[in-house]
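Subject: Structure handover

Hello,

Below is the structure you are taking over, followed by notes on what was found in it. Please keep the view open while you read.

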Amino acid sequence: MVHRLSQRDARRVAVSAQLLTRDRPTDLLDVVRGLTLLQLDPTNAVAPSADLVAWSRLGSAYSPADLRAALDAGEVVELRAFVRPAADMALYRADMDRRVRGEGLSEWQEYRRRWVRTNDRCRREILGRLSAEGPLPSREFPDTCVQAWGSTGWTNNKNVTQMLELLVQRGEVAVAGRKGRDRLWDLASRVYRDDPVVPSPEAELERDRRRLRALGLARSKGPECPVEPAVVGEAGEPAVIDGVRGEWRVDPALLDRPFTGRTALLSPFDRLVHDRARALEIFDFDYQLEIYKPAAKRRWGYYALPILHNDRLVGKLDATADRKAGLLVVDAIHQDIPFTKTLTAAVTREITALAHWQGLEPHYPS
């Protein structure tokens, strides 16, 4: 059966899947399990992204200390800059083992495997230090690589940090916590739960199913994304969306549910908008993160927050937390559609809630 959805139907499925309806969740772990992940990003212009995502679901009941406590307790774990439920690591371990054995690797994965083997002395020294001393920041490891890591990006010659990242992908090392902004590394066997490993084919199918449950609807296939795909394979059931090209997959459990929306301010990394093409196709929402653009070329601001109202993405909030002054400075509210008095009042309430959650007061420069 192929489900035929209107764009409004599609939007409501996506919003419901992302736990952004009026029926809010009440527990952080339920949020992480429902979304499958929280993306970590160091930008703190308003608040860190993971905290913004949790706050937009849980409201003022959420404290950033809750996420730190969940990480410290091992209820969630950090994997490649994403916080995931600790139980989900069983869905990744088989692929990690496969990288060590060199089975079924892509060309770029094989290149990384060869680089680790060439620098095996550095690898063994890192594992030895961790075994003897426990969690350590990357600066504690000397660079004993015989072949430098070459890149046109910021990782060029960052041999130790790149080795640690690749050892994470091999399941040998894991992030055990953080001290300030520094990640603390330890042996993966001390960080991950000792759950039975799910074989790779079964694990991939289950990851697709969970991803679709979190997204509501997504493409079956698309460009490769090595960390967290935006596609869901054959999970769910096929669907077409009126006015949108191509075939989609939908979680049938989310169809025909009553929908009651609300207003929410979202992180730029929120899963509702992270797939910019999907946001444009389904929500008619044009958005880019502009932190790397010169100020004069920004349309919406350094770290503009998408604004959700019911089942529509209606604008962007350009705001900055001035913590020394105790203010959330609102530089602009960009309206994608004309705001009614009711919508303006709802957005204002959310801005005030966002400010007060951080112990700030909203400030609207004239």
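Cys145 is buried, with a relative accessible area of 16%. Here buried means under 20% relative accessible area, exposed means over 50%, and partly exposed is in between (1.4 Å probe, protein chains only).

Before going further, note that this is a predicted model, in which local features need pLDDT of at least 70 and side-chain atom pairs count only at pLDDT 80 or more, while totals for chains, interfaces and linings use all residues. Residues are numbered from 1 along each chain as its sequence is written, and side-chain values use heavy atoms, with hydrogens and water left out.

Cysteines

How many disulfides does the structure hold? It holds zero, a disulfide being a pair of cysteine sulfur atoms within 2.5 Å. The sulfur of Cys122 has its closest cysteine sulfur in Cys145, at 3.7 Å, which is too far for a bond. Cys122 is also buried, with a relative accessible area of 1%.

Helices (H or I, at least four residues) and strands (E, at least two) are DSSP runs, numbered from the N terminus. Two strands pair if DSSP finds at least two bridges between them. Strands of a sheet pair through backbone hydrogen bonds, either parallel or antiparallel.

Angles run from 0 to 180 degrees between N-to-C directions, and axes are lines fitted to C-alpha atoms, for helices over the stretch in contact.

Strand 12 (residues 312-322) pairs with strand 13 (residues 327-335) in the antiparallel sense, over eight bridges. Within strand 13, Ile333 is the bridge partner of Leu317. Contact means heavy atoms within 4.5 Å.

Strand 7 and strand 9 run antiparallel and are joined by three bridges; in strand 9, Val250 is the bridge partner of Leu217.

A hairpin

Strand 3 (residues 76-79) and strand 4 (residues 82-85) run antiparallel, joined by four bridges. They form a hairpin with two residues between them, and Arg80 in the turn has a positive phi of about 55°. In a regular strand the side chains alternate between the two faces of the sheet. Both faces of strand 3 are covered: Val76 and Glu78 are buried on one side, Val77 and Leu79 on the other.

Helix 3

Is helix 3 enclosed or open? Ten of its ten residues are buried, so helix 3 is largely enclosed by the rest of the structure. What covers those residues includes helix 2, strand 2 (38-39), helix 4 (64-72), strand 10, strand 11 and helix 13. Gly59 follows helix 3 and has a positive phi, near 75°.

The axes of helix 2 (residues 28-35) and helix 3 (residues 49-58) come within 10 Å and cross at roughly 110°. Helix 2 is therefore roughly perpendicular to helix 3. Angles under 35 degrees count as roughly parallel, over 145 as roughly antiparallel, 65 to 115 as roughly perpendicular and the rest as oblique. Leu28, Val31 and Leu35 of helix 2 meet Val53, Ala54, Arg57 and Leu58 of helix 3.

Phe259

Phe259 is in the loop between strand 9 (244-250) and strand 10, and is buried at a relative accessible area of 18%. Its C-alpha atom is separated by 7.7 Å from that of Ser16, though the two residues are 243 residues apart along the chain. Leaving out residues up to four places away in sequence, Phe259 touches Arg12, Val15, Ser16, Thr21, Asn310 and Asp311.

Regards
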